[in-house]
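Here's a quick briefing to read with the model open. Have a look at the structure first, then go through the points below.

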Amino acid sequence: YSRMSSKIIFYEDRNFQGRSYECATDCPDMHPHFSRCNSIKVESGCWVLYEKTNYTGYQYVLTPGEYPDYQCWMGYNDTICSCRTFSYTSEGPYRLRIYGRPNFQGQMMEFSDDCDSVQDQFHSHDIYSCNVMDGYWTLYEHSNYRGRQYFMRPGEYRKFSDWGATCATTGSFRRITDF
């Protein structure tokens, strides 16, 4: 039982039309409930949606709000096959360390705020390891919070595959804060 209840509604068609499925807990396989997802309402809580079953594939981090079509959550297509909810406290602090080599080696920088261009701040777009010390974060493949997303909870990520990436390229990242 979580302190804060979570609720998300998936719709098969755009603009909240067609068959819908309401969800309040983690779901490793959504195939029995709908075949495609073109719009979403997040009524409460924060959610990580996954392109494949069992919490794998592309990730999308959604906070409360309405998403009338999949481009609104930067989706690549209308496929959502699993989802997880998470609760957090947004008061902070937020602390994230990025490293230029695996296993926390090489150049290191610590951040407590959003970064719209890793290249400008870190003088490289490659992050090989990461230590999330406080708060929840979303890493993005491209600058200005675009491209593939990676949900980062507090913990040590010794190599980029630990957070689900296929390469070290990271363009931006931001804190998951109040909505």
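**Salt bridges**

R36 pairs with E12 in a salt bridge, with 3.8 Å between the closest N and O atoms (the rule: a side-chain nitrogen of Lys or Arg within 4 Å of a carboxyl oxygen of Asp or Glu). R36 sits in the loop between β2 (17-23) and β3 (39-44) while E12 is in strand β1 (residues 7-13), so the pair ties together parts that are 24 residues apart in sequence. Strands are DSSP runs (E, at least two residues) and helices likewise (H or I, at least four), numbered from the N terminus.

- By that rule the count comes to 11 salt bridges.
- Between domain 1 and domain 2, though, the count is 0.

**What you're looking at**

- This is a predicted model, where local features need pLDDT of at least 70 and side-chain atom pairs count only at pLDDT 80 or more, while totals for chains, interfaces and linings use all residues.
- Residues are numbered from 1 along each chain as its sequence is written, and side-chain values use heavy atoms, with hydrogens and water left out.

- The domain assignment (automatic or from a database) gives domain 1 (7-86) and domain 2 (95-175).
- Their centres, taken over C-alpha atoms, are 24 Å apart.
- An unreviewed UniProt entry puts "domain: Beta/gamma crystallin 'Greek key'" at residues 6-44, 45-87, 94-134 and 135-177; such annotations may be inferred rather than shown by experiment.
- Residues 6-44 are 0% helix and 51% strand, with the end C-alpha atoms 5 Å apart.
- Residues 45-87 are 0% helix and 51% strand, with the end C-alpha atoms 6 Å apart.

**The domain interface**

- Domain 1 and domain 2 bury about 930 Å² between them, 54% of it on carbon and sulfur atoms (accessible area lost on being put together, 1.4 Å probe, summed over both).
- On the side of domain 1 that touches domain 2, strand β5 (residues 56-62) gives the largest share, 5 residues.

Notes: Buried area is the accessible area (1.4 Å probe) that two parts lose on being put together, summed over both.
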